[in-house]
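Dear colleague,

Please find the structure handed over below.

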Amino acid sequence: MSNPKKPLILVSNDDGIYSNGIKALTEVAAEFGDVIIVAPDRQQSAVGHAITIETPLRAQKIKISDEFQGFAINGTPADCVKLAHDQLLDIKPDLVLSGINHGSNAGINILYSGTVSAATEGTVLGYSSIAVSCTDYDNEADLTGCQDAARRVITLVLDKGLPKGVTMNVNAPSGPIKGIKWARMADSRYVEEYEGRKDPFNRPYYWLTGKFELLDDGNDSDIHILNEGYAAVTPIQYDLTDYDLLRKLGEEDF
Ligand code: MN
């Protein structure tokens, strides 16, 4: 038997390096290889693909447990993956994982998600990358089903790789899952509702309390599959070009 080299797995997230979700994903990653964690030093949910350009980034070495160590970064999830790639890692990773996010990254959430963007940044840099999220926002949610889904998708991606430009987006409900299904991103949006209040100096301020709206009754969408108790796995891409329309438009000169 040959003894293939252990893969190196970079783990990041958007809920911060001390969240339960990143611990749960790190445990799974360690079943497959050596793990290095590079994650934000604080909550960074819904920052999307933001990067830090006006202030310096600091990487603080953190011992998370006897087994795991990593770097806490005063930046965004995308910053973490970029900095790991360019400065912090001596050896390039074989896989980039992001999560497990506390909260769904199905439907339109994909666009706002810092968790997905950390994985997408991994894809941009040429690494096989997977985002993993739990639909339950509770920090104490049971992540075992998410861990099972992550295990299956990691096995698949390490074995077969991913096409250039594609990231795997994995969502699962809390607790045990019925199984795993391929899914497409559900058409959905937030109906924004801001609650307006007054501060102690009588100046108005506004707090976002958006309601999620599902605009999709297909049974193959990520949200439909999640509602049925399965994990949903969607291959997503950062190339946002609408090729069908481009082809049609290209038939005529401007
Ligand atoms: Mn989050």
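The loop between β2 and β3 contains Ala-46. In this predicted model, Ala-46 adopts a positive phi of about 65°, although the residue is not a glycine. Ala-46 is exposed, with a relative accessible area of 59%.

Asn-202, which is not a glycine either, has a positive phi of about 65°. Asn-202 is placed in the loop between β10 (194–198) and β11 (204–208). With a relative accessible area of 56%, Asn-202 counts as exposed, because the cut-off for that class is over 50%.

The metal site comes next. Which residues provide the protein donors of the manganese ion? They are Asp-14 (OD), Asp-15 (OD), Ser-45 (OG) and Asn-101 (OD1), and they lie 2.1 to 2.2 Å from the ion. Along the chain, these donors follow the spacing D-D-x29-S-x55-N.

The peptide bond that runs from Gly-99 to Ile-100 is cis, with omega near -10°.

I turn now to the aromatic side chains. How many aromatic pairs does a search of the whole structure find? The search finds 2. One of them is formed by Tyr-112 and Tyr-190, which are edge-to-face, with 6.2 Å centre to centre and 70° between the planes. Tyr-112 belongs to helix α3 (residues 109–112) and Tyr-190 to strand β9 (residues 188–191), so this pair ties together parts that are 78 residues apart in sequence. Tyr-112 is partly exposed, with a relative accessible area of 39%. Tyr-190 is also partly exposed, at 25% relative accessibility.

Tyr-190 takes part in another edge-to-face pair, with Phe-212, at 5.2 Å centre to centre and 70° between the planes. This pair likewise links distant parts of the chain, with Tyr-190 in strand β9 and Phe-212 in strand β12 (residues 211–214), 22 residues apart. Phe-212 is partly exposed, its relative accessible area being 35%. Through these ring pairs, Tyr-112, Tyr-190 and Phe-212 are joined into a cluster.

Lys-181 lies over the face of Tyr-230, at 4.2 Å from the ring centre.

- the manganese ion with its donors Asp-14, Asp-15, Ser-45 and Asn-101;
- the cis peptide bond from Gly-99 to Ile-100;
- the cluster of Tyr-112, Tyr-190 and Phe-212;
- Lys-181 over the face of Tyr-230.

With kind regards

Note on methods:
Residues numbered from 1 in each chain as written. Predicted model: local features only at pLDDT ≥ 70, side-chain atom pairs only at ≥ 80, totals over all residues. Heavy atoms only, no water. Donors = N, O, S within 2.8 Å, 3.2 Å for Na, K, Ca; no water. Helix = DSSP H or I, 4+ residues; strand = E, 2+ residues; numbered from the N terminus. Buried < 20%, exposed > 50% of the residue type's maximum accessible area, 1.4 Å probe, protein only. Phe/Tyr/Trp six-rings, centres within 6.5 Å; stacked < 30°, edge-to-face > 60°. Lys NZ or Arg CZ within 6 Å of the ring centre and 35° of its normal.
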